[in-house]
Amino acid sequence: MRVDACRQCGTLLHVKKYCIVCGQPIKYECNKCHKYVDDSIHLECDLIKSKNVVIG
């Protein structure tokens, strides 16, 4: 899902967090109404992160 503008007010969103696996934006914030939006296309990256977790 591509996220360009806030669904509530239409203001352009700013990137707040990047994916540590692929480097693409995963969290956005609207500077006008301060709503956060998560990009859901990083499910594969989440799987990679979870498999690389070292326990102990």
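The model is predicted, so local features need pLDDT of at least 70 and side-chain atom pairs count only at pLDDT 80 or more, while totals for chains, interfaces and linings use all residues. Residues are numbered from 1 along each chain as its sequence is written, and side-chain values use heavy atoms, with hydrogens and water left out.

**The sheet**

Let's start with the strands, which are DSSP runs of E with at least two residues, numbered from the N terminus. Three of them form an open, antiparallel sheet in the order 1-2-3. Strand 1 and strand 3 (36–38) stand at the edges with a single partner strand each, so one side of each has no neighbour in the sheet. From one strand to the next, the twist averages 30° (axes are lines fitted to C-alpha atoms, and angles run from 0 to 180 degrees between N-to-C directions). Two strands count as paired if DSSP finds at least two bridges between them; strand 2 and strand 3 pair over three bridges.

**Salt bridges across the strands**

How many salt bridges does a search of the whole structure find? There are two, taking a salt bridge as a side-chain nitrogen of Lys or Arg within 4 Å of a carboxyl oxygen of Asp or Glu.

| Pair | N to O distance |
|---|---|
| Lys16 and Glu29 | 3.3 Å |
| Lys27 and Asp38 | 3.2 Å |

Lys27 lies in strand 2 and Asp38 in strand 3, so this pair ties together parts that are 11 residues apart in sequence. Lys27 also stands opposite Asp38 in the sheet pairing. In the other pair, Lys16 is partly exposed at 48% relative accessibility, whereas Glu29 is buried at 9%. Here buried means under 20% relative accessible area, exposed over 50% and partly exposed in between (1.4 Å probe, protein chains only).

**The loop between strand 1 and strand 2**

Now for the loop that holds Ile20, between strand 1 (13–18) and strand 2 (25–30). Ile20 is exposed, with 71% relative accessibility. Gln24 sits in the loop between these strands too, and is partly exposed at 45%. Leaving aside neighbours within four places in sequence, Gln24 is in contact (heavy atoms within 4.5 Å) with Tyr18, Cys19 and His42. Gln24 and Asp39 are 15 residues apart in sequence, and their C-alpha atoms are 9.6 Å apart in space.

Key:
Helix = DSSP H or I, 4+ residues; strand = E, 2+ residues; numbered from the N terminus.
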